[in-house]
Amino acid sequence: MNIKIAPSLLSANFAKLADEIASIEKGADVLHLDVMDGHFVPNITMGPAVVKACRAVSKLTFDCHLMIEQPQLYIERFIDAGADMISIHQEAEHHLQRALQLIRDGGAKAGIAINPATPAESLSTAIEFCDFVLVMTVNPGFGGQRFIEPVVPKIRHIAQMIRERGLPVEIEVDGGIDAQTAPRVVSAGATILVAGSAIFGHQDRTAAMELIRASVTALKV
Ligand code: DX5
Ligand code: ZN
């Protein structure tokens, strides 16, 4: 089982991003970058300029989670900034397939992000055109929120849909992931684990990542 740990930079110290990235560079598989516009979610974070600056100091796979309205308008900018994976929210995009194709045309992996209240069935068509599904296990906008347990059966449902259709689609989870909740989402079918406060909230980031990894390595899924 190949589980990827994706620290979310949202919980890092923004005054020293290069040092914060260096602290997880060994041990992390992916760097998760949360982009918020103050419209789709009630918070504002970073744009392509910050992603580009981080790109210059890291070799990790960059995963840009766009929590913004009209994401299509910004896909190219994030690709130019160095994104390797881009997810857009289904709730924010009227032309999902077109947007996913734009991401792929730019050479990045295309993801569909869904909020906790968005049902698995809504992915039925678009799932055929993506590389990963980002299942939110909190309502997007802020780090450090409590894991929403009733999302777990939805992860299982999406995993089943992927298996039945034989699609090469991965499931990423985001929100309230730590060593307690990681086993639950991995058992349900998630393989990319985003964690903000559970990693950057600790002094020893390597130990924090190891703790999460160790919580899922013994699982038989
Ligand atoms: C929330 C973001 C998450 C956030 C997760 O809207 O999408 O990536 O950083 O933070 P934790 O792991 O603290 O819940
Ligand atoms: Zn995120």
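Okay, let's start at the metal: the six donor atoms around the zinc ion, ligand 2, subtend angles of 71 to 171°, and that makes the arrangement octahedral. Octahedral here means six donors with opposite ones over 155 degrees apart and all others between 65 and 115. For reference, the ideal angles for six octahedral donors are 90 or 180 degrees.

Some housekeeping before I go on. This is a predicted model, where local features need pLDDT of at least 70 and side-chain atom pairs count only at pLDDT 80 or more, while totals for chains, interfaces and linings use all residues. Residues are numbered from 1 along each chain as its sequence is written, chains are lettered from A and ligands numbered from 1 in the order in which they are written, and side-chain values use heavy atoms, with hydrogens and water left out.

So which residues coordinate the zinc ion? His 32 through NE2, Asp 34 through OD, His 65 through ND1 and Asp 174 through OD, at 2.0 to 2.3 Å. A donor is an N, O or S atom within 2.8 Å of the metal (3.2 Å for Na, K and Ca), and with water not among the atoms, sites may look incomplete. Along the chain, the donors of the zinc ion follow the spacing H-x1-D-x30-H-x108-D. The histidine pair links distant parts of the chain: His 32 is in strand 2, residues 30-36, and His 65 is in strand 3, 33 residues apart. Helices (H or I, at least four residues) and strands (E, at least two) are DSSP runs, numbered from the N terminus.

Both His 32 and His 65 are buried. Buried means under 20% relative accessible area, exposed means over 50%, and partly exposed is in between, using a 1.4 Å probe and protein chains only.

Now ligand 1. It is surrounded by 20 residues, and the closest are Ser 8, Gly 141, Asp 174, Gly 196 and Ser 197; the cut-off is a heavy atom within 4 Å.

What does the side chain of His 65 meet at 3.0 Å? The side chain of His 89, in a polar contact, meaning a pair of N or O atoms within 3.5 Å; within protein, one must be able to donate a hydrogen and the other to accept it, and residues adjacent in sequence count only if both atoms are side-chain atoms. His 89 also makes a side-chain polar contact with Asn 115, at 3.4 Å. His 89 sits in strand 4, residues 85-89, and counts as buried because its relative accessibility is 0%.

Last stop, helix 2, residues 48-55. Pro 48, Val 51 and Cys 54 are buried there. They cover an arc of only 125° around the axis, so they end up on the same side of helix 2; the arc is that of the directions from the helix axis to the C-beta atoms. Ala 49 and Lys 52, on the other side, are exposed. The buried residues of helix 2 pack against helix 1 (17-25), strand 3 (61-67) and helix 3 (75-81), with contact meaning heavy atoms within 4.5 Å.

Key
Tetrahedral: all angles 85-135°; square planar, octahedral: opposite > 155°, others 65-115°.
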